[in-house]
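Thanks for coming, everyone. I have one structure for you today. Please have a look at the chain on the screen first.

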Amino acid sequence: MKLDKKLSFVIPCYYSEKTISLVVDDIFKAFPKEDYQYEIILVNDGSKDNTFSVIKGLADKFPQVVAVNLAKNFGQDAALMAGYTYATGEYIISLDDDCQNPPAEAHKLIAKIEEGYDAVFGKYHTKQHSAFKNWGSRLNDKMATMLLKKPKDLTLCSYFIMNSFVKDEMLRYDSAFPYIWGLILRTTDHITNVFIDHKKREVGTTTFTLGKLILLWLNGFTSFSVKPLRIASFLGGFFAFLGFLLTIIMVVRQFICPEPIIGWTSLMCALLIVSGLNMLMLGLLGEYIGRIFISQNKSPQFVVRQLYRQEKREGNE
């Protein structure tokens, strides 16, 4: 299939010195330069190994490759936003750096978006991730459905394609806490899935951790939805009503059966539960306020230390 639109492959790289060359080679094999015009933007997200040396070498060797070096680890979503900043294609394809997203499957994404969609997400026939990562993905998917109004029949994943219209709208978001799925969902509802294959990880180990999963939840919760605050208000009202109801019951009972009230243990348990919920809600409110404060201070999404490509070199080499 020959395509008259330029493609931009954007790949965030984190400790991928052993895999990223394989990913780039697979892109070259799947997209012959005679039939496709494309660029490959590799963003080193603060890796402390030789990842940037590898992607810089790829940029030296291939004019299609752009190497972006971030000043520190900002997270996958921020790294993607950095890559989108330099993307010039009409279609932007995002995929992982671990060789589990076969570049050849991008043909299916392209064929689907050519039907007129704004974004197309891959949907794996069989996911080859670890059990923990699969669990985290399912949890994120449910969160997006509840808080971001994602259609239930739409599956989100890290392998997707979008047009330049969506990318440009996403880049208008300048807060310090980008959340790629939230940005796409708030831009358009003309989104669909297409089934693709997923490979087992053959090199290295996953960098997906519980801490990153929690941070991803917080970004989705607090950056693109106020529903957690509404849930907190509902819980506060529910427990206030429950306390009021129990107070009436105890007063009536005291009149009927005037006996000494015992139950210190149950009282302390109730107090601890309600106090814990209060602290949880205060922490949630503080998270929202803290993010507003950081955004008002113009904290950057990412900081580019170096941009490297054959035709133009910027930053310190």
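This is a predicted model: local features need pLDDT of at least 70, side-chain atom pairs count only at pLDDT 80 or more; totals for chains, interfaces and linings use all residues.

Start with the whole chain. It has 317 residues, and 44% of them count as buried. The secondary structure comes to ten helices and nine strands. Now the contacts. Take those between residues at least 6 apart in sequence: 83% of them join residues at least 24 apart. The surface next. The chain exposes about 17200 Å², with carbon and sulfur atoms supplying 60% of that area.

On to the inside. In soluble globular proteins, nonpolar side chains tend to be buried together. Here, the largest nonpolar core has 39 residues. Which of them have the most contacts inside it? They are Leu 7, Phe 9, Phe 31, Ile 40 and Leu 42. Helix α1, residues 20-30, gives this core its largest share, six residues.

Leave aside the neighbours within four places in sequence. Leu 7 is then in contact with Phe 31, Tyr 36, Gln 37, Tyr 38 and Glu 39, among others. Further along the chain, its partners include Gly 89, Tyr 91, Ile 93 and Ile 110.

Now the rings. How many aromatic pairs does the structure hold? Nine. I'll show two. In one of them, Tyr 14 and Tyr 15 have ring centres 4.8 Å apart. Their planes sit at 90°, so this pair is edge-to-face. Tyr 14 is partly exposed, at 23% relative accessibility. Tyr 15 is partly exposed too, at 38%.

The other pair is Phe 121 with Phe 160. Their centres are 5.0 Å apart and the planes are at 35°, so the pair counts as tilted. This pair links distant parts of the chain. Phe 121 belongs to strand β5, residues 119-124, and Phe 160 to strand β6, residues 160-163. That puts them 39 residues apart.

Phe 9 and Phe 31 we have already met, in the largest core.

Cysteines, quickly. A search of the whole structure finds zero disulfides. Cys 13 is buried, with a relative accessible area of 0%. Cys 157 counts as buried at 7%.

Next, Thr 192, in strand β7, residues 191-196. Its relative accessible area is 17%, and the cut-off for buried is under 20%, so Thr 192 counts as buried. What does Thr 192 contact, beyond four places in sequence? The answer is Lys 112, Tyr 117, Ala 119, Val 120, Phe 121 and Leu 154. So Phe 121 of the tilted pair turns up again, as a contact of Thr 192.

Last stop, helix α6, residues 164-171. Its buried residues are Val 166, Lys 167 and Met 170. Why do they fall on the same side of α6? Because they cover an arc of only 100° around the axis. And what covers them? The cover includes α3, β4, β6 and α7. Strand β6 is also where Phe 160 sits.

That's the tour. Over to you.

Methods. Residues are numbered from 1 along each chain as its sequence is written. Side-chain values use heavy atoms; hydrogens and water are left out. A nonpolar core is a set of buried Ala, Val, Leu, Ile, Met, Phe, Trp, Tyr and Cys residues joined through side-chain atoms within 4.5 Å. Buried means under 20% relative accessible area, exposed over 50%, partly exposed in between (1.4 Å probe, protein chains only). Helices (H or I, at least four residues) and strands (E, at least two) are DSSP runs, numbered from the N terminus. Contact means heavy atoms within 4.5 Å. Rings of Phe, Tyr and Trp (its six-membered ring) pair if their centres lie within 6.5 Å; planes under 30 degrees apart count as stacked, over 60 as edge-to-face and the rest as tilted. A disulfide is a pair of cysteine sulfur atoms within 2.5 Å. Accessible areas come from the Shrake-Rupley method with a 1.4 Å probe; for residues, only the protein chains shown count as cover. The arc is that of the directions from the helix axis to the C-beta atoms.
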